[in-house]
Amino acid sequence: MTPRSRLSKKRQALVAEYVPLAKMLARFFVQSRPGWQKSTLIPDLEGEGFLALCKAARTYDQSRLPYPKAYFARACLNGML
């Protein structure tokens, strides 16, 4: 197994820009759940969202998709699902 390369500074900045989006989507994902489930699920969902952001940053191509917010939101939701 080969080690994965690190994200470039540009891609790291892109991920950092959309971290609040992952947090917001985690809360959206559990909004119809009881309170005790929200407090339990939100940290796990945020973690999955952060991982999905990192994976999406590797494959994001600005020339093909000029609006990254929709791309990263879809990646986060798919990761959380």
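## Pocket lining and aromatic cluster

In this predicted model, the lining of the largest pocket comprises 3 nonpolar, 1 polar and 3 charged residues. The residues concerned are K10, R11, L14, Y60, D61, Q62 and P68. The volume of the largest pocket is about 160 Å³. Helix α1, which spans residues 9-17, gives the most to this lining, with 3 residues.

Y60, one of the lining residues, also belongs to an aromatic cluster together with Y18, Y71 and F72. The structure holds 4 aromatic pairs. A pair of aromatic rings is described by the distance of the centres and the angle of the planes. Two of the pairs, both involving Y60, are listed below.

| Pair | Centre-to-centre distance | Angle between planes | Class |
|---|---|---|---|
| Y60 and Y71 | 5.7 Å | 40° | tilted |
| Y60 and F72 | 5.6 Å | 40° | tilted |

The rings of Y60 and Y71 have their planes at 40°, so this pair is tilted; stacked pairs would require an angle under 30 degrees, and edge-to-face pairs one over 60. Y60 is located in the loop between α3 (35-59) and α4 (68-80), whereas Y71 is in helix α4, so the pair ties together parts that are 11 residues apart in sequence. How is Y60 classed, buried or exposed? Because its relative accessibility is 8%, Y60 counts as buried, the limit for that class being under 20%. Y71, with a relative accessible area of 26%, is partly exposed.

The pair of Y60 and F72 is likewise tilted, with 40° between the planes. It links distant parts of the chain, with Y60 in the loop between α3 and α4 and F72 in helix α4, 12 residues apart. F72 has a relative accessible area of 0% and is therefore buried.

The remaining site is a glycine in helix α3, G49. With a relative accessible area of 0%, G49 is buried. Which residues does G49 touch, not counting residues up to four places away in sequence? Its contacts on that basis are A22, C76 and M80. G49 and L81 are separated by 32 residues in sequence, and their C-alpha atoms are 9.7 Å apart in space.

Note on methods. Residues are numbered from 1 along each chain as its sequence is written. This is a predicted model: local features need pLDDT of at least 70, side-chain atom pairs count only at pLDDT 80 or more; totals for chains, interfaces and linings use all residues. Side-chain values use heavy atoms; hydrogens and water are left out. On a 1 Å grid over the protein atoms alone, a cavity is a set of points where a 1.4 Å probe fits but cannot get out, and a pocket is an open set with protein on both sides within 12 Å along at least five of seven lines; lining residues have an atom within 4 Å of a point. Grid points are joined across faces, edges and corners, and a volume is the space filled by probe spheres set on the points. Helices (H or I, at least four residues) and strands (E, at least two) are DSSP runs, numbered from the N terminus. Ala, Val, Leu, Ile, Met, Phe, Trp, Tyr, Cys and Pro count as nonpolar, Asp, Glu, Lys and Arg as charged, and the others, Gly among them, as polar. Rings of Phe, Tyr and Trp (its six-membered ring) pair if their centres lie within 6.5 Å; planes under 30 degrees apart count as stacked, over 60 as edge-to-face and the rest as tilted. Buried means under 20% relative accessible area, exposed over 50%, partly exposed in between (1.4 Å probe, protein chains only). Contact means heavy atoms within 4.5 Å.
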